[in-house]
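Take a look at the fold below. Start with the sheet, then turn to the charged side chains.

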Amino acid sequence: MLRHNEFPWMSGDLRIASDALDQMHQQALDEYPNECCGYASGPAADLLLVDRTVPMKNLAVEQAGALALPEGRTGEDYFVMDPLKLDHAIADGDDAGQPVKVIYHSHPNGKGGYFSAEDRAMFGEGRELSLPVSFIVIGLGAKQDSPPVVIETRLWVFNALTKAFEESSFSEMP
């Protein structure tokens, strides 16, 4: 069982460097109309600071024919990260004093940065949290014949008592 006192960033109230947040947003815009995904890390010495991002390929786009996606899903409304690469990133980050603190992805459907039923099921709602991280969802929208824009960015954390995800706050740091 993952404990919030061992991984304080799991409780939210993170401080996210502007550069890191800008990189997440740019990746989401660049990969539109597909969902983007990646992870973010921060120094072990500053447990609530997130200052680096690492984009990952959405395998629902890259390997759509090779993956068994839920019926009717595509890279435009689903994301799959390479679990082996993510496991290595978590282990390597811990060893380097730059632990992975956040998994992020986008929702390019114009509905905002909500944590979907699929997100909740994938990461452990109703059970135990599957990874020692918080989650960021970047909501994108676009009007016809206009480029996409970031509508909102929301941070989600797992409440171990209720075994449910809830929204938390974050602050952007220069």
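The model is predicted. Begin with the open sheet, which has three strands in the order 3-1-9. Their pairing is parallel. Strands in a sheet pair through backbone hydrogen bonds, in either a parallel or an antiparallel way. Strand 3 (49–50) and strand 9 (170–173) are the edge strands, each pairing on one side only. Strand 1 covers residues 14–17, and two bridges join it to strand 3. These two strands run parallel. Within strand 3, L49 is the bridge partner of R15.

Next come the charges. The structure has seven salt bridges. One of them links the side chains of E125 and R120, at 3.0 Å from N to O.

R154 takes part in two salt bridges with the following partners. Its side chain meets that of E152 at 3.5 Å, N to O. It also meets the side chain of E167, at 2.9 Å, N to O. R154 sits in strand 7 (residues 149–159) and E167 in strand 8 (residues 164–168), so this pair ties together parts that are 13 residues apart in sequence. E167 is partly exposed, at 43% relative accessible area. E152 is also partly exposed, at 27% relative accessibility.

Elsewhere, R73, D77 and E118 form one network, joined by salt bridges that share partners.

Terms used
Residues numbered from 1 in each chain as written. Predicted model: local features only at pLDDT ≥ 70, side-chain atom pairs only at ≥ 80, totals over all residues. Heavy atoms only, no water. Pairing = 2+ DSSP bridges. Helix = DSSP H or I, 4+ residues; strand = E, 2+ residues; numbered from the N terminus. Salt bridge = Lys/Arg side-chain N within 4 Å of Asp/Glu carboxyl O. Buried < 20%, exposed > 50% of the residue type's maximum accessible area, 1.4 Å probe, protein only.
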